[in-house]
Amino acid sequence: MAENGDRYLDFAAGVAVNSLGHSHPHLVQALKEQAEKLWHVSNLYRIPEGERLARRLVEASFGDVVFFTNSGAEALEASIKVARKHFHANGQPERYRLITFEGAFHGRTLATIAAGGQAKYLEGFGPPTEGFDQVPFADVAAVEAAIGPHTAGVLVEPLQGEGGVRVLPPSVLRALREICDREGLLLVVDEVQSGVGRTGKLFAYEHAGVRPDVMAIAKGIGGGFPLGACIATSEAADGMTAGVHGSTFGGNPLAMAVGNAVLDVVLEPGFLDHVNQMSLLIRQRLAAVVDAHPMTVAEVRGEGLLLGLRGLVPNTDVVAALREQKLLTVGAGDNVVRLLPPLVVGETEIAEAVERIDRGLSAIERAVGLLTRGAAE
Ligand SMILES: *Cc1c(COP(=O)(O)O)cnc(C)c1O
């Protein structure tokens with residue numbers, strides 16, 4: 001509900017953050033209950049909520065250890081440090097570089113803009129942080145060619161969100177795993193956007209049937225509360241001894257309570273089936289929309305409920321036209337409009353959203369004088 005009383009259908013979900021929508025009763029209750037207890041104690045002390053959340057994340061993933069942060073970029077910073085420190089601790093301090101991919105987005109800190117390598121985010125902030133070698137998206141041969149004596153690992157999003165909802169083919173992730181095994185490198189995945197059920201699996205790397213060594217998550221795990229985590233195998237994290245890294249607010253009781261409450265819902269049997277069913281439904285409906293509007297949209301892409309509509313008119317126009325229809329969406333690279341409904345979205349909301357997309361695209365076509373096939377017939 002906007003200030004003026006207008007109601008919006010939210011298919012942006014705070015850019016994949018509001019995984020359970022707004023004011024989910026279970027999250028509200030968890031936060032309220034914790035708010036009446038401790039808010040902050042610092043990670044000088046062990047807290048049961050944090051230990052429980054870490055244990056659950058480890059049990060549900062490839063990892064052995066977890067470091068909690070307040071954001072995705074911090075989870076990436078921790079992941080990058082884990083990779084570098086691993087080689088330092090194992091007598092190869094010269095191995096500190098990570099291979100990354102064009103179109104990547106890893107956050108807005110100095111290290112993560114360098115890792116992402118996008119000029120529009122690097123511009124004006126001085127020399128980029130050293131230690132990242134970028135290769136074309138999904139180009140396995142280029143990864144092999146980029147490996148040198150300073151390489152520590154590969155950092156990759158299994159599905160690029162910001163970069164245009166581009167799915168890394170599972171065969172490519174498998175090839176990266178093989179290369180890392182062969183060369184003794186670490187496979188680091190950025191699942192800040194794709195993790196926690198968003199793609200229909202708890203983590204997107206599962207689609208490829210491989211296990212990474214290090215993973216950054218954030219966004220959806222907090223359901224709207226600032227929370228991120230770096231998850232790693234104990235071998236990869238063997239350089240991260242006490243005192244090597246830290247965070248004042250990371251792992252605070254409020255965030256831990258909400259993170260556990262999100263997992264209560266997402267790990268419930270059948271929850272991911274729901275995500276997959278809704279994905280199938282919206283993709284079918286969107287395919288019909290693409291057929292009906294061949295002058296404005298070209299294709300549907302993505303996985304689970306991290307979907308994109310590639311526009312043939314500027315995506316900013318599409319996002320604006322959909323907002324006129326009271327439907328919230330987000331732009332992405334490659335002229336894509338991202339559709340990221342809360343994972344609890346239902347059939348009626350999908351039907352309503354698709355109708356609004358149809359109306360929004362028709363409005364654009366009228367405005368620019370394009371005739372849709374439907375109108376021409
Ligand atoms: C959003 C995002 C980040 C950065 O997260 P922040 O919480 O904004 O720091 C990093 N990686 C990916 C893939 C993201 O989508």
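Let's start at helix H1: alanine 13 lies there, and H1 covers residues 13–16. Helices here are DSSP runs of H or I with at least four residues, strands are DSSP runs of E with at least two, and both are numbered from the N terminus. Some ground rules. This is a predicted model, so local features need pLDDT of at least 70 and side-chain atom pairs count only at pLDDT 80 or more, while totals for chains, interfaces and linings use all residues. Residues are numbered from 1 along each chain as its sequence is written, and side-chain values use heavy atoms, with hydrogens and water left out.

Back to alanine 13. Its phi is near 50 degrees, a positive value in a residue other than glycine. Most residues other than glycine have a negative phi. Is alanine 13 buried or exposed? Alanine 13 counts as buried, because its relative accessibility is 0%. Buried means under 20% relative accessible area, exposed means over 50%, and partly exposed is in between, with a 1.4 Å probe and protein chains only.

Alanine 16 is buried, at a relative accessible area of 3%. Now look along the chain. Alanine 16 and arginine 338 are 322 residues apart in sequence, yet their C-alpha atoms are separated by 9.8 Å.

Next, helix H2, residues 25–35, which holds leucine 27. Leucine 27 counts as buried, at 8% relative accessibility. Its C-alpha atom and that of leucine 327, 300 residues along the chain, are separated by 24 Å.

On to the ligand. Which residues surround the ligand? They are Ser71, Gly72, Ala73, Phe105, His106, Gly107, Glu157, Asp190, Val192, Gln193 and Lys219. Each has a heavy atom within 4 Å of the ligand. By class, the shell has three nonpolar, five polar and three charged residues. For the classes, Ala, Val, Leu, Ile, Met, Phe, Trp, Tyr, Cys and Pro count as nonpolar, Asp, Glu, Lys and Arg as charged, and the others, Gly among them, as polar.

Now the polar contacts, meaning pairs of N or O atoms within 3.5 Å; within protein, one atom must be able to donate a hydrogen and the other to accept it, and residues adjacent in sequence count only if both atoms are side-chain atoms. A backbone N or O atom of glycine 72 is 2.8 Å from a ligand oxygen. A polar backbone atom of alanine 73 lies 2.7 Å from an oxygen atom of the ligand. With lysine 219 the side chain takes part: one of its N or O atoms is 2.6 Å from a ligand oxygen. On its own, the ligand has 380 Å² of accessible area, and the protein covers 82% of that. Those areas come from the Shrake-Rupley method with a 1.4 Å probe; for residues, only the protein chains shown count as cover.

Strand E3 next, residues 97–101. Five of its five residues are buried. Arg97, Ile99 and Phe101 point one way, and Leu98 and Thr100 point the other way. In a regular strand the side chains alternate between the two faces of the sheet.

What does E3 pair with? Strands pair if DSSP finds at least two bridges between them. Four bridges join E3 to strand E4, residues 132–135, and the two run parallel. There, isoleucine 99 has aspartate 133 as its bridge partner. E3 also pairs with strand E5, residues 151–156, in the parallel sense over three bridges. Arginine 97 stands opposite threonine 151 in E5.Contrast that with strands E11, residues 297–303, and E12, residues 306–311: six bridges join them, and they run antiparallel. Glutamate 299 stands opposite arginine 310 in E12. The hairpin has two residues between the strands, and glycine 304 takes a positive phi near 60 degrees there.

Another positive phi sits at valine 196, about 60 degrees, and valine 196 is not a glycine. Valine 196 lies in the loop between strand E8 (186–190) and strand E9 (214–217). Valine 196 is buried, with a relative accessible area of 3%.

Last stop, helix H12, residues 347–368. What span should its 22 residues have? At 1.5 Å a residue, H12 should span 32 Å, and its end C-alpha atoms are 32 Å apart, which agrees. The expected span is 1.5 Å times one less than the number of residues. Buried residues in H12 include Ile350, Val354, Ile357 and Leu361. Just after H12, glycine 369 takes a positive phi of about 75 degrees.
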